[in-house]
Amino acid sequence: MWTDVLDPMIGVQYGVNREAAFERIYRAATRSLKREQTPADIGDAVVYLCRAENITGETINVAGGGELH
């Protein structure tokens, strides 16, 4: 998929190679906390959902404040 679809699309959109485009996208996605998410961050979200008796059917994106659309 990278070679056939994403490389040409990202190359045109960003004017850079795949690695540079990934780095740019990754930095934009993690800029709110200025750090990567850790297994502990994900574990905290899991523990929260397990302990919250009144929350059902929810999805939590552990993305450092980035939004998924």
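1. A polar contact is taken here as a pair of N or O atoms within 3.5 Å, where within protein one atom must be able to donate a hydrogen and the other to accept it, and where residues adjacent in sequence count only if both atoms are side-chain atoms. In this predicted model, local features need pLDDT of at least 70 and side-chain atom pairs count only at pLDDT 80 or more, while totals for chains, interfaces and linings use all residues. Residues are numbered from 1 along each chain as its sequence is written, and side-chain values use heavy atoms, with hydrogens and water left out.

2. On confidence, the mean pLDDT (the predictor's confidence in each residue, from 0 to 100) of the protein chain is 76, and 78% of its residues reach 70 or more. Confidence is lowest in helix α1 (residues 2-14), with a mean of 72, and highest in α3, with 88. Where pLDDT is low, the predicted coordinates should not be read in detail.

3. On the overall fold, the protein chain has three helices and zero strands, and its elements run α-α-α from the N terminus on; helices (H or I, at least four residues) and strands (E, at least two) are DSSP runs, numbered from the N terminus. Of the contacts (heavy atoms within 4.5 Å) with a separation of 6 or more, 30% are between residues 24 or more positions apart.

4. On burial and surface, 12% of the 69 residues in the protein chain are buried, where buried means under 20% relative accessible area, exposed over 50%, and partly exposed in between (1.4 Å probe, protein chains only). The accessible surface, from the Shrake-Rupley method with a 1.4 Å probe and, for residues, with only the protein chains shown counting as cover, comes to about 5,800 Å², of which 56% belongs to carbon and sulfur atoms.

5. Asp41, which is found in helix α3, deserves a look of its own. Which polar atoms accompany the side chain of Asp41? The backbone nitrogen of Thr38 lies 2.9 Å from one of the polar atoms of that side chain. Asp41 counts as buried because its relative accessible area is 17%, and, leaving aside neighbours within four places in sequence, Asp41 is in contact with Arg35, Glu36 and Val62.

6. Two further residues can be checked by eye. Leu49, placed in helix α3 (residues 39-51), is partly exposed, with a relative accessible area of 30%. Phe22 lies in helix α2 (residues 18-29) and is partly exposed at 49% relative accessible area; the C-alpha atoms of Phe22 and Ile10, twelve residues apart along the chain, are separated by 9.0 Å.
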